[in-house]
Amino acid sequence: MLTVHDFETAARAKLDPVHADFIAGGARDEITVRANEAAFGRLQLLPRVLRGSAVRELDIALLGSRASMPILLSPTAFHKLVDPEGELATARAAAAAGAIMIVSMASTVAVGDIADAVRAMGADAQLWFQLYIQPDREITETLIRRATDAGCSALVVTVDSPVLGAGERNRRNGFHDLPPGLRCENLVDLRDGERGHVRQIAMSPELNWQHIDWLRRTTSLPIVLKGVLHPEDARLAVRHGVDGLLLSNHGGRQLDTVPATLELLPEFVAAVAGRIPVILDGGVRRGTDAVKALALGASAVGIGRPVMWALAEGGEDGVRRLLELLRDELDDTLALCGASRLADLTPELVRVPTWGPTPGPAVAPGADNRFGGVIE
Ligand SMILES: Cc1cc2nc3c(=O)[nH]c(=O)nc-3n(C[C@H](O)[C@H](O)[C@H](O)COP(=O)(O)O)c2cc1C
Ligand SMILES: O=C(O)C(=O)c1ccccc1
């Protein structure tokens with residue numbers, strides 16, 4: 001396993017193709033799924049030389065959590081679908097690597113049990129909890145209590161899912177439920193006798209900023225909004241007292257044909273103007289990808305599918321190796337860019353190609369370059 005891509009190939013060889021489709025798939029034509037990765041490929045790195053150091057500092061402090069690297073595990077549902085230990089394995093691997101894991105509300109191990117497993121290793125759990133706000137306040141409060149009691153140190157509220165994503169692969173495959181024996185453990189007994197069925201999660205098209213105001217009053221945990229794309233919404237989030245933003249298009253699984261998150265990053269970061277941290281996910285597969293996002297102002301990046309592939313390939317050990325690999329690639333990229341610390345990653349290190357055989361978008365000298373920087 002030399003690359004993230006190797007994990008995917010190995011996982012696909014092991015997995016039920018229906019489950020592999022669930023992981024890989026996106027909404028509708030999957031245009032955004034492809035756009036996320038492609039955007040990283042189009043952006044170029046322009047390194048500095050002769051200003052390096054023997055060791056690089058990769059650790060970060062983010063919303064009161066500390067992590068050994070600026071790559072966190074974005075929330076993904078259903079880990080037991082690909083490994084019998086499920087989220088216990090993922091969380092142990094994340095803790096061993098010192099990485100922040102965002103536990104999905106639709107996890108197949110209860111968030112309290114995940115936290116216990118990490119503590120049993122003697123590790124300090126760096127767990128955040130992903131939440132879909134439910135129409136019933138008491139249900140939402142119970143979920144928040146479960147996460148808080150488990151020791152989670154932030155709430156990541158997914159706001160890009162007013163309706164369920166249209167995963168046409170899942171429809172074609174008839175994949176709608178977890179197999180017998182698996183359940184969404186955080187949902188068990190939310191109301192008396194509820195059995196942890198994924199369909200208990202209400203996607204709520206009626207949500208508005210007042211719900212965020214309510215949440216702000218309800219919890220003292222840092223609140224991160226996940227799935228904000230429009231810079232105007234980023235400004236609103238700051239005004240509503242949100243502590244962080246996860247710039248995400250849900251890995252292309254919600255609204256198809258939205259831009260790659262990387263393309264949105266410069267304008268988004270400008271709108272936030274340093275008031276709260278911006279995290280980006282979608283298509284991060286290489287250390288160079290992480291460096292590009294960090295250079296354009298992200299405080300950290302998240303990975304979704306790679307975690308599922310690594311878990312499927314090798315369980316806890318697979319996720320450990322994945323995180324080591326990405327950490328090594330990140331460190332190597334910093335060295336090659338002449339950066340000793342993450343703060344050295346600045347927009348001058350990245351370029352969009354401005355010439356070539358393909359007539360790309362015309363960018364006139366002095367014009368606003370989509371990726372930040374002004375073309376001189
Ligand atoms: C299999 C799978 C399950 C996911 N489950 C959730 C979830 O439960 N909650 C959520 O907010 N996002 C979920 N996501 C979206 C991820 O958090 C993340 O935004 C996305 O996967 C990032 O893109 P990447 O897969 O290209 O790294 C899921 C994504 C995948 C692939
Ligand atoms: O598949 C997803 O992207 C996702 O967000 C999800 C949420 C709840 C249950 C299963 C999947």
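Predicted model: local features only at pLDDT ≥ 70, side-chain atom pairs only at ≥ 80, totals over all residues.
1. Overall form. The chain contains 12 helices and 12 strands. Along the principal axes, its C-alpha atoms fill a box of roughly 65 × 45 × 45 Å. The radius of gyration is 20 Å, which agrees with the value near 21 Å that a compact globule of 376 residues would have.

2. Helix 1 against helix 12. Two packed helices are described by the angle between their axes and the distance between the axes. For helix 1 (residues 4–14) and helix 12, the axes come within 7 Å and cross at roughly 110 degrees. Angles of 65 to 115 degrees count as roughly perpendicular, and helix 1 is therefore roughly perpendicular to helix 12. On the side of helix 1, the contact is made by Val4, Phe7, Glu8, Ala10, Ala11 and Lys14. Helix 12 contributes Pro306, Trp309, Ala310, Ala312, Glu313, Gly318 and Leu322. By class, the residues of this contact between helix 1 and helix 12 are nine nonpolar, one polar and three charged.

3. Helix 9 against helix 10. The axes of helix 9 (residues 231–239) and helix 10 (residues 261–272) come within 8 Å, with a crossing angle of roughly 30 degrees. Angles under 35 degrees count as roughly parallel, so helix 9 and helix 10 are roughly parallel to each other. The crossing of helix 9 past helix 10 is right-handed. Pro231, Ala234, Arg235 and Val238 of helix 9 meet Glu267, Phe268, Ala271 and Val272 of helix 10. The residues of the contact of helix 9 with helix 10 comprise six nonpolar and two charged, with no polar residue.

4. Ligand 1. The shell around ligand 1 holds 24 residues, of which Ser74, Ser104, Gly251, Gly304 and Arg305 are the closest. Helix 2 (17–24) and helix 12 (305–336) each provide at least two residues of that shell. The shell of ligand 1 divides into eight nonpolar, 12 polar and four charged residues.

5. Ligand 2. Which residues surround ligand 2? They are Ala77, Ala106, Gly165, Val198, Ile201, His250 and Arg253. In this shell, four residues are nonpolar, two are polar and one is charged.

Methods: Residues numbered from 1 in each chain as written. Chains lettered and ligands numbered in written order. Axes fitted to C-alpha atoms, helices over the stretch in contact; angles between N-to-C directions. Helix = DSSP H or I, 4+ residues; strand = E, 2+ residues; numbered from the N terminus. Parallel < 35°, antiparallel > 145°, perpendicular 65-115°, else oblique. Left-handed = near helix turned anticlockwise from the far one by under 90°. Contact = placed C-beta atoms within 7 Å. Nonpolar A, V, L, I, M, F, W, Y, C, P; charged D, E, K, R; others polar. Near = placed C-beta within 6 Å. Rg over C-alpha atoms; globule rule 2.2 N^0.38 Å.
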